[in-house]
Each structure stands twice: as structure tokens, then as C-alpha cells.
Amino acid sequence: MNVSTETLPSVEDAIALGLTRDEYALVCDKLARAPNQVELAMFSLLWSEHCAYKHSKKLLRTLPVEGPKLVMGPGENAGAVDVGGGMAVAFKVESHNHPSAVEPFQGAATGVGGILRDIFAIGARPIAVLDSLRFGEPSSGRSRYLLDRAVAGIGHYGNSVGVPTIGGEVYFEGPYETNCLINAMALGIGETEKLVRSAAAGVGNVVILFGASTGRDGIGGASVLASAELGEGDADKRPTVQVGDPFEENKLIECSLELLEKGLLVSLQDLGAAGLTSSASEMASKGEVGIDIDVAKVPLREADMEPFEIMVSESQERMLCVAEPARVDEVLALCEKWEVHGTAIGEVTDTRHMRIFRSDELVGDMPVDALVDDCPLYDLEPEKPSAPLYPAPKATLSGDFDAHAALLALLSSPNIASRRPLFEQYDCMVGSRTVRRPEQADAAVLALAHGGAIGVSIDGSGRRVAADPYTGAIEAVLECAANLACVGAQPLGLTNCLNFGNPEKPHIAWQLTEAVRGLGDACRALDVPVVGGNVSLYNEGTEGPIYPTPVVGMVGELPDPGRAAQSGFAQEGDTIVLVGDFHPVVPASEVAKLRGHALPDGLPPVDLDAVRATHATVRDAVRSGVVHSCHDIAEGGLAVALAECCLLGGIGAEVDPECDERLFGEQPGTAFLLTGAQDDVAGLGRVIGTVGGENLCVGALCWPLGELRTAHAALAPLFP
Amino acid sequence: MKFGVVQFPGSCDHRDALEAARRVADAQLLWHGDHDLQGVDAVIVPGGFSYGDYLRVGAIARFSPLMESVIAFANDGGPVLGICNGFQVLCEAHLLPGALLPNTSLRFICRQVDVEAVGDSAWSRAGETLSIPVKHTTGRYFAPEIDPAQVVFRYAAGQNPNGSQDDIAGVRNAAGNVVGLMPHPEHAVDALTGSADGLHLFESVLRERVH
């Protein structure tokens, strides 16, 4: 049968869809003819940066992906680690940056929906969501709008779908003004033996699409929106943003898990970026088979959709599965029980081709390998920039050293002020596993039904990575691991989302290369495998690139959730110990930002072996049950960490370090404030003070708790 | 003694309610499309977003086949508890007076609050103060003509999270067998996850059945 060539697009059409002239020529070569409209649409998406990782795949291959607890690594819908008792925890972080910059509510909502589908696609029940957000300064009206709507969107989807949002982070910096970052991480739990992979198998088996019907929303999202810089006229791209329906997803989760539980499926895959094109091609590629799809059988929202539109639509809340012919009736009956559309739309073949039909007409015919594996991979051309890339922030604090004013300014600054007005908009408890909620401990803690528990954290500091991509990326991993140590959790695996600018520019290529090198070195030093992740490039607005922002999410195990230390000081009279080899510096810190200092060229190196030992000391102490509180020293340095411990515990402290610049210096992930009875904790580090009273006193300088609390509540007016 | 927990499409807290009830007695899920209450002794209509809460919160769920049986069970004096979305459904079904309006902040709010039990019913004993979380967007109770005797739960002074009339957190029907409240007792049944005070509701109905 000959493929339909009614409409033969030109090379200019290919370029408009995001392919280069050379890539178009390569497509023609692979097909031995020019692609028609359906084929070009499919190639342009699968060969986009978003789907093919063509600028990052070579770098990602340098990350460590082996570990003793690894169950599923990169390449599947999500990674998974063994948590004992025959159970595995699946997790992954993904970006939804450009859709959110164009339409923050739906962009953020569908970011949550998309990452959840990755989790239940492998047969794990979603148990938690975390998010990592970046916006411009809240003094900007646009940033306040993006913040308000993105938080509402995350809450709308997560709360309604019935999965708790248990943690996250948000930072405000000028370089994110145009291009905000919305990264969402999801976790799920399932029996290790029953986790499913996405490879299609069994020639003659039936391909079934289930979930929402297919519309024109999100057409070209992966290529037009996710793989190009933001610029003028982005409002016109609003129709490329998908619209989410958490109710549909709630039913889809239950339906998918019951289909798997009953053993009715050969494989399962979610429909994400590039829709049917991507999920069907990847299933065929992994299974080394071909797939025939009849677009005339796909349930549509609009009757007159073209075959190429059906193949690339990014309508949300859809799944694709493969089932044996004898099981199809049972599969469709279960879909009916859950009130989701289920339709057989295709068949597994031995052709190794993706063939797209409209009833009897063949409208596309492409080798699977060409679609999925033959996209050219590019070498980056990294070059360290000769001049600073980012302007110095506007000063909001005078340069004269005044510790009293500096602490209050830091506590009320957008990056440090309490996140309570944000996280109170998220259900943190549905599922009844949440042992440590936001602001209770440095990491979220979930108790697992089979015993034991996990700690989870998500972290990343763009400003510090901008100052030094290699060391900054190391610090992000250390900060995340430090949060786990505070609750007594041993890291099992890490997922990352690499948010960077345009990698075709040498200075961005340098940031990306150095940051990935740092991630790899830190993961190797801590023995934590990378189980998967996501890359988001081209994060640039008209005024330049974002801060390079590798976001890392980590999952760790702890034997006794009841012993997970809280962040806040717990008990009058407790001894405060500073644990860790702490060498804080002011450049690139929060206080330096408030003073309007430009970024330094480089950060001090970190002794990874020493940090690893510190984390082990803290973790073991917490697990032994003698620790009353534990908080790592992060943004704003020792002074802010002390204030946070006082505020979260509702009790003061007297400490005696020198009251000087070092009080505000930072070296993330390397040191902790730990409390307990003197005999139990004094040997763990340097004793610096005692818990008690109504004030935080550092030497002769005192802050009443009420004054600190007022400063810390500075974000509340943004959410009236 | 057996609890039945209703499961609608879009329910979120049905498993939590099931496990909470199992701490004090037997419990099972009841499917929205069935009519049969399977011989349960008490019914819990749980939280979530039944049928997506499209049209109006609780408005569609109230017409489900199972709810016809729940309404008959309630009118026969059977104990029924509606939590959050379940409270909204019971108001829509006219088993309870009043209505739930959007929070004055117009935002979803998730927070641990102190709730005072101020009236006796199948599910409450006046005099207790319970630490229980709320999590909802549409929890502002409104019932201008309500008989004060029907108010069974109030938010403690200064802790009203949603602008509810007279700090009302939960109400009962005239007979006292049907109760609805916005706070989530099923999320307060274990000190490890924050509080065990919510168990009092499940134990109350158990005590009632035993006596």
C-alpha cells in the first residue's frame, strides 16, 4: 500500500516546526522520500529537544545510574528504588516551564497531572507530589500573577486528584522574570514484582487508548513551546497549552491500577508531550515491534480533526495500553466501570514501522528506529563566558554591617520568609501517610504501610549555580541529602530536572556541562544513583537566560518515622550543637543579594568526604532517637537557621558565636543545628548554646520571637 | 458493628475513612452505582471531589443510586457521617440543614485546627476539644435559620478558617443520627501523623450501637 502524499510539506514547513534543514534532509534520507504532513508532524516532535534530548543525551550518559536499591533506572516512565518488604517507590521530577509562563494555572496543573501519569504508568499508586518553583522578584506584578496562579493550579490538580503535596521549594530572582520555572515531582508505591515496563510486545496484540477524548489542545507543545526560547507574542501560544481535568485523572489512576492488578495488560504508557506519536513510537521501539494505528477510531472532541492533529494532540488524561486479543473485552468493561473512554485503535505488528491509517487509507509510514533512535545527537560547544552573564541585583539592605537589621531583612526576604501561605493551599495529608508536613521537618516523611518510612526533599539554587555551575550543582545534591539526614533518612536514589537556557550558545553549554559534572561527582561521592529525570532547555526570555537551575529530588529510607527529627527547637534546656565542618562565605549568599552584590566568579570547593561523614553522623544520631530537633544551615546562614529553629519550635535560644559577617555566610548542605540532652549530643559537634526563653540571643544581641515572627510572615500579604 | 464508606468517582479520602473506621470496628467500601448497603450499621460519606464537583459541590453525587439507599437509611434512623465533600453531599440531599459556600479567602486551605464538640449526636459528645485538620475550598457554612441545638462542632475561638457562620464546623439533623462536618476526623486517628482526636467520632457511634 502506498502512503498518502496529497499534502507534501516543504523544507520551510519543517523549519517552522522546529527541525533544521539538515535534520529535514536526514528524515528524507531515512524514508527514502519526502515526508507527508502526518510524518513531518511526528518527526518534528520526536526529534525535538524535549523528546530526543539531542543536546543533552551525551552529557546525561555520564551520570551514575547504578545502585544496590535500584529497581528501575533511566529510560522508563519513572525510576524506582527498593524500600523493603517487596515494595518499591517510583519517583520522577519533570518541568512544565514554558506552558506555565504562557498560562500559569493550567500550565502548573497539567505539570502535576503529567508527572502523576508517569508514576502510575509503571503500576505504582501515586502517594505524593512536591514542587520546585522559580519566579521573578515579587515586586513585579507579573511575577505575583504567575506565583498566585501557578500555586492555585498545583493545588487545584493535586487536591482534586487525591494525592498529597508534601513539600517543595520556591525562590524569587530577577532572571526568572519572563521565564518562570514550574518543576513537579511525584512519588508512587507498588509491589516491586508487579511494576510494568512500557515495551509493546506480542504481534497481533491490541493497542487500546483510554481516558479523555482527543482534542486540539496542546498541539505542538513539545516543539513549539518546550524547545524554543520565549519571546514576543507568547500570548498567542496560549492555545498550545493543555487544559487539565483532575477528576478524569482520578478515575484514570483507579482504572489503570485495577487493569494492572487484574493482569489484563501487556504494557502501559502515558500520553505526555507529543501525545499518541510519542507513546506509541516509544512502546514500539522498546518492544522492537511495529504498531498500526487507525486515527478514525480515536474518540475526538472535534469531528473534523486531521490525522496529523490526532497524532500530535497533547490532550491530557489519556493512557495507551497493549492487551492480548482475548483480554480486550475485559479491559473495555473495566474502563466502563470507571467511566473512562476505552477504544481499540491499533495493533502490534512485526513490521518495525509506525503505520498510521485513516480507516483504509495509509496516511503515514515510518520506520520506528528512524523516529525514536535516529535523531542526531549534538556535541555541545561549551565556553566559559568572559564577562558576567547576570546583572547585580538591586540592593535592598545597606552595606554597613548591622546584624540586627540583617537578620530581620533576611527573614522577611522573599527567598527566606515562611512558605505557609503557599503550602496551606495544598492538601498534605490525603492517603494518611504524612508523618512530617511542610515546616515540621527539613524533609517530608511518609510512613509506608509495610513498615518503615521514606524521607523526600527537592532542592536547587540557581544563583549559586550561576556563580559556579560545578560547585553549585554539588551543593544542590548536598543540600537535598542534608535535608534527608535531618529526618534520619539514607538516600536511595535521585531524580533531576535540568533547567537551563539555550544550549546552542557556548556559555549555556558551559553551564550545563559543568553542572552535570558536579551532579555526577556529588552522586558518586554519596553513592546515590540517578534514577531518571528531565531536561528543560531554551529557558530564556528577551532579557537573557535564567539562572542555570538543576533541581534535584531525593528519596531516602528511615526505619522509624517516629524518630524523624523536627526542624524547630523542641525543649527548654536542650543543648544546641553545630555539626559539620562549616566554612561559610558571604559571596553568592542571600545577604550578598540583599546588599546588591554581583555574583562571584566561583564558589569555594567542598570536601565531599567530610560532608558525607557529617551526614552519616547526623543520620545515625537521629535514628538513635536522642535528637530532639535537627535543621540544616542553608539560605541566610547560621543566623537564619537559628531563627527558623526558634520560630518553628516557638521557643527562644541563647548562643555564643561571634556576631559578625560569618553569621550570615553560606555553604549549603555541609552543617547542621542539632539539639538534645547535653550528654547525648555534645559529642556530635561544637556546643554553641542552649534552647530556652522568649528571645533569640546571639552573644549580647537579642531578637524577641515576636519580632522575628512578624518578619518571617512577609509573604502572607501576597495571598490575601 | 460494620461501617460502610461510600466511594464515588472522584472520592479522595475514602481509603483514609475506611482505615480510620477499621481502627474501631469492621468497615467496607460501598460502590456509588449499587443500591445495596450490604448490611452496614453506619455510613460514612467521605471527602474528595465526587463527580469532579462539577456543577456545584456535592450536587451530582446526591443523585447517585447508592445515595437513594443512604437517604432511606438515614430517614430510618441509621447513623450517617458526612466529612467535607460528604457534608456537602448531605446538605445537597437535604439530610442536613444549610449549605457550604466558598471560603472567604476563595482559596483552598489545609490546616490543623481545634474543633470544639458543642452538642451531642450519634457521632459526638459535647465538651471535647479535638485537634483535627481542615482541607477545603468550599467550607463556609451558611444556615441563617438553624436551630442552635443542631450545631455539634465549632471552630475554637480565632481559628475559623473559612468564614463559617458562628464558627460552625459541623451540624446534625433534628434526630441526631446524621452529622456533617468540614474538618477531617479520619485524618486525625494516629499521633504519628499529627493527632488521634478524630477517633472520638468513630468511637461515639460505636458506643451508641453497643448501648
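Colleague: Where does B:Asn177 sit in chain B?

Modeller: B:Asn177 is in the loop between strand S10 (168–172) and strand S11 (178–181). Strands (E, at least two residues) and helices (H or I, at least four) are DSSP runs, numbered from the N terminus. This is a predicted model, where local features need pLDDT of at least 70, side-chain atom pairs count only at pLDDT 80 or more, and totals for chains, interfaces and linings use all residues. Residues are numbered from 1 along each chain as its sequence is written, while chains are lettered from A and ligands numbered from 1 in the order in which they are written.

Colleague: Why is B:Asn177 called buried?

Modeller: B:Asn177 has 23 C-beta neighbours inside 10 Å. Buried takes 20 or more other C-beta atoms within 10 Å, exposed 12 or fewer, partly exposed lies in between, and C-beta atoms are placed from the backbone. So B:Asn177 counts as buried.

Colleague: And what makes B:Thr137 buried?

Modeller: B:Thr137 has 22 other C-beta atoms within 10 Å, so that one is buried too. B:Thr137 is in the loop between strand S7 (129–136) and strand S8 (140–142) of chain B.

Colleague: Which residues does B:Thr137 contact, leaving aside neighbours within four places in sequence?

Modeller: Those are B:Pro102, B:Asn103, B:Arg107 and B:Phe108. A contact means that two C-beta atoms, placed from the backbone, lie within 7 Å.

Colleague: How many residues of chain B are in contact with chain A?

Modeller: 19 residues of chain B are in contact with 23 residues of chain A. On chain B's side, S6(B) gives the most, with 3 residues.
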